[in-house]
Amino acid sequence: EVQLVESGGGSVQAGGSLRLFCAASGYTYSTNYMGWFRQAPGKEREGVAVISTGDGGRYYANSVKGRFTISQDNAKNTVYLQMNSLKQEDTAMYYCAAASGSIFTWLLLQKRYYKYWGQGTQVTVSS
């Protein structure tokens, strides 16, 4: 089992920045991918950014490219999401997730491949 705990959410004005943290514990050696997903009220949960824990490859949703950066600190078993130039449409509950095994890169942002999930942290962007 892998346990994930998110933190760092909050309220910010449009154009501002936030940094999210995901602390992993348990059988973290079994995870090949760590990702951030988000879900706004009334909408499906969508993939935002994923990092390959082995080679550090990064994958982003088109809506956040150039504004968000995912990174990891393997020594601390922590994954980060730096969010800059935030927009109102970024408002959502953000979830950290972990996946094992091999996943085709074009499928990495699909939530169905992720077995472990955190409880979420709320991000609210106001005008």
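β3 and strand β8 (residues 78-83) pair in the antiparallel sense over six bridges, where pairing needs at least two DSSP bridges between two strands. Strands here are DSSP E runs of at least two residues, numbered from the N terminus. This is a predicted model, where local features need pLDDT of at least 70 and side-chain atom pairs count only at pLDDT 80 or more, while totals for chains, interfaces and linings use all residues. Residues are numbered from 1 along each chain as its sequence is written, and side-chain values use heavy atoms, leaving out hydrogens and water.

**Exercise 1.** Work out the strand order of the open sheet.

*Solution.* Start from β3: six bridges also join this strand to β1, again antiparallel. Next, follow Ala 23: its bridge partner in β8 is Thr 78, and Ala 23 is itself the β3 partner of Val 5. Put together, the order is β1-β3-β8-β7, with antiparallel pairing. β1 and β7 (68-73) are the edges, each pairing on one side only.

**Exercise 2.** Sort the side chains of β1 (residues 2-7) by face.

*Solution.* First, recall that in a regular strand side chains alternate between the two sheet faces. Then read along β1: Val 2, Leu 4 and Glu 6 share one face and are buried, meaning under 20% relative accessible area with a 1.4 Å probe, protein chains only.

Technical notes
Buried means under 20% relative accessible area, exposed over 50%, partly exposed in between (1.4 Å probe, protein chains only). Helices (H or I, at least four residues) and strands (E, at least two) are DSSP runs, numbered from the N terminus.
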